[in-house]
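Subject: Structure for you to look through

Dear colleague,

Please open it first and then come back to the text.

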Amino acid sequence: MAALVLSVSAAAQRTFVNIETANTQMVLGTDAKGQLLFLHYGAKIGRADQFEDWNSYRRTDYSTDPLAYPAQGGRFFNEPALAVKYHDTDQNTELVYGSQSVSEPKSGVKRYEVLLKDVKTKLEVKLIYMAYVKEDVIVANTEITNGGCKAITLDRYASSAINLRAGKYLLSHFYGSWAREMQIDREMLTHGVKAIENKQGVRTTHNENPSFMLSLDTESFSENDGEVIAGALAWSGNYRLAFQMDETNQVSVLCGINPDAAAYPLKKHETFTTPEMVWTYSLKGAGQATRNLHDWARNHCCYSQAEICPTLLNSWEGAYFDFDAKTLTDMMDDAKDMGLEMFVLDDGWFGNKYPRNNSKQGLGDWDINHEKLPEGISYLADYAHSKGLKFGIWIEPEMVSPKSELAEKHPEWVVSSKDRELTTTRSQWLLDLTNPKVQDFVFSIFDNTMQLAPGIDYIKWDCNRHVENFGSSYLDDQSKFYVDYIQGLYSVMRRIREKYPHVIVQSCSSGGGRVDFGALSLFDEVWTSDNTEGLSRVFIQYGTNMIYPACVTGSHVSAVPNHQSGNVTPMKFRFDIAAAGRLGMELQPKNMTEEEKTFARKAIESYKGYRDLVFGGDLYRLADPYDGQHYALMYVSKDRSRAVVFAYTIKYQSRTPIFDLRLAGLDADRRYKVTEQNVEKSCWWGSGKVFDGSFLMNHGLNPDMKKVYDSAIFLLEAE
Ligand code: DGJ
């Protein structure tokens with residue numbers, strides 16, 4: 001990791017930090033007082049030292065220019081990234097530039113470190129920027145060190161701050177709820193502070209995801225045009241992303257752990273490291289911002305990095321708690337028969353004193369329920385393996401039911417606040433992962449489950465409640481709880497990964513309650529939502545895949561009427577939307593008709609032929625589901641020789657308009673054979689014929705998809 005010569009001008013008074021990727025540039029520079037200013041983030045501007053004589057024309061006796069990492073103190077009075085309370089109760093910090101270095105930890109990645117120091121105390125702040133050159137992504141975080149002051153408290157400690165200068169700012173962010181995750185709100189920023197945040201502690205992404213897109217200088221969201229800055233915080237706990245438009249019409253964006261109830265003490269010589277904030281900038285609309293994030297996620301962040309995941313049958317909605325070994329082996333027979341590659345045994349297999357026959361008891365007692373499964377888990381895993389299926393199993397290791405042997409034995413491990421109500425959610429309590437003993441226990445649940453049978457291939461890790469009346473009997477300072485919990489979780493996961501690097505682990509949290517890049521660096525995939533109903537999935541997957549790649553988003557075909565929404569959609573529609581992610585099924589195959597099974601066989605077989613595109617291809621969104629009658633998207637292979645197009649009619653408007661489906665991302669000069677999948681008769685006259693890329697992109701397809709729930713998948717192969 002050799003330090004490189006810095007691309008920094010040290011001329012005259014200003015010093016610059018010049019962070020570059022293939023198409024973007026971020027420039028920081030000192031002012032006359034030595035403060036580090038945030039000067040530019042966007043398209044390339046050339047030499048950083050062109051800012052040498054830069055002047056913002058602000059009043060110099062009133063407020064500061066935008067700071068790279070604004071601290072509460074000095075002339076700064078907007079939302080601070082850092083707020084420190086010193087032992088003498090002074091609450092001012094004035095950071096000035098100290099030094100910088102740049103290194104290349106791996107090819108295509110540059111690491112910039114910039115040291116800032118408080119003018120008065122021994123507080124030091126290291127700003128770290130990782131530039132992922134070809135992906136056009138910059139990942140920023142901060143190390144805050146108490147370099148020798150008496151104990152201090154960090155009241156705020158954002159991961160990263162940027163400052164933007166545009167006439168208008170259109171914010172797209174992802175709100176929702178259980179079974180309705182990642183819906184999109186689009187709103188213009190106005191003066192003042194807009195914050196998106198979560199304070200639920202451990203299930204933090206149902207109601208709002210720690211990610212967003214900002215379209216600059218426009219009032220309309222565009223897939224392909226204009227400047228877009230996208231951001232995502234890699235943290236599974238409480239977070240806050242704040243957008244403040246000040247009186248100069250500039251917007252500062254501060255992202256990090258939510259400071260509420262989380263003032264963090266720092267003893268002498270201790271360092272606090274903030275989670276990473278992922279930034280990308282696109283000059284080609286939201287589509288390119290998404291592709292940058294997906295490339296970065298697959299190349300550098302996600303644990304599984306686009307490995308092909310087996311198609312699966314999960315037992316939950318097909319059997320719930322009501323099964324014995326025969327129920328499960330029958331399901332495996334059907335899974336095999338339909339061409340699926342893995343069987344996952346969900347909730348309900350454990351607990352003896354308090355058997356887990358419903359959601360009211362048994363969490364914490366991870367021994368096989370002998371009455372229900374006297375044959376053991378190894379019998380089931382062996383059965384699956386003997387049929388050539390992989391085998392997976394469900395756990396919820398962070399939880400304990402009040403009715404459990406674990407709760408009787410270790411009441412002190414439960415998250416609770418002395419003398420206050422200990423609330424249950426889904427009849428369960430949360431275990432205190434700030435406590436190293438609980439961390440060991442949670443690790444042992446995973447470890448022991450892996451020993452239940454040789455060759456367990458997959459663990460579904462669930463987390464079905466959030467934090468209320470928080471408190472830890474282990475911590476001396478309760479304000480550390482929210483941070484230490486997530487750090488405890490990550491530390492357990494790191495141990496698991498050391499011992500079990502290859503087991504596939506799903507992050508499930510009542511569906512999509514834990515969907516973030518922090519979790520994804522340790523888990524292989526997320527359970528996108530408990531809602532598998534086709535129409536709902538259009539919106540859930542559209543939003544989720546705006547930020548997170550399809551190679552991590554689990555999507556299953558379930559029964560109708562749907563168990564969540566009651567909606568009835570055709571099986572083909574359900575398959576066609578699930579196939580745009582990590583395909584699985586979640587129903588009782590016994591209840592399927594022969595015709596449905598035949599269709600499933602065909603659809604699964606054809607998915608295997610193009611899933612590499614879904615997992616590793618470039619995503620182009622072709623029709624916005626919030627806009628009209630259709631949703632459509634496509635994935636294109638990196639060499640543009642193959643592509644798969646998914647198209648859906650999501651509401652009936654009229655039979656008159658013709659679906660104008662123009663493709664994107666192809667090579668204009670190549671010829672592609674277009675074949676609709678899984679149909680006897682195609683909805684498009686061109687299926688089976690060969691077209692120029694230019695025809696497909698500039699004229700497009702006009703599939704006959706007028707009726708609600710019409711859907712189609714087209715495979716494109718270059719000649
Ligand atoms: C919630 C999950 O989201 C479901 O998929 C299922 O695993 C249940 N928990 C089991 O209790």
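A search of the whole structure, which is a predicted model, turns up 7 cavities of 30 Å³ or more. The largest cavity holds about 210 Å³ of space, and 19 residues line it, with Pro66, Phe76, Asn78, Asn163 and Ser252 lying nearest its centre.

Lys460 has a polar side-chain atom 2.8 Å from an oxygen atom of the ligand, while for Trp394 a polar side-chain atom lies 3.1 Å from an oxygen atom of the ligand. In the side chain of Asp462, an N or O atom is 2.7 Å from a nitrogen atom of the ligand. On its own the ligand has 290 Å² of accessible area, and the protein covers 98% of that.

Lastly, a word on confidence: the chain averages a pLDDT of 96, and 98% of the residues score at least 70. Over residues 1-11, however, pLDDT stays under 50, although the model has 23 contacts beyond four places in sequence for this stretch. Where pLDDT is low, the predicted coordinates should not be read in detail.

With best wishes

Note on methods. Residues numbered from 1 in each chain as written. Predicted model: local features only at pLDDT ≥ 70, side-chain atom pairs only at ≥ 80, totals over all residues. Heavy atoms only, no water. Polar contact = N/O pair within 3.5 Å; in protein donor to acceptor, adjacent residues only side chain to side chain. Areas by Shrake-Rupley, 256 points an atom, 1.4 Å probe, with all protein chains shown as cover. pLDDT = per-residue confidence, 0-100. Contact = heavy atoms within 4.5 Å. 1 Å grid on protein atoms, 1.4 Å probe; cavity = no way out; pocket = protein on both sides within 12 Å on 5 of 7 lines; lining within 4 Å. Points joined across faces, edges and corners; volume = space filled by probe spheres on them.
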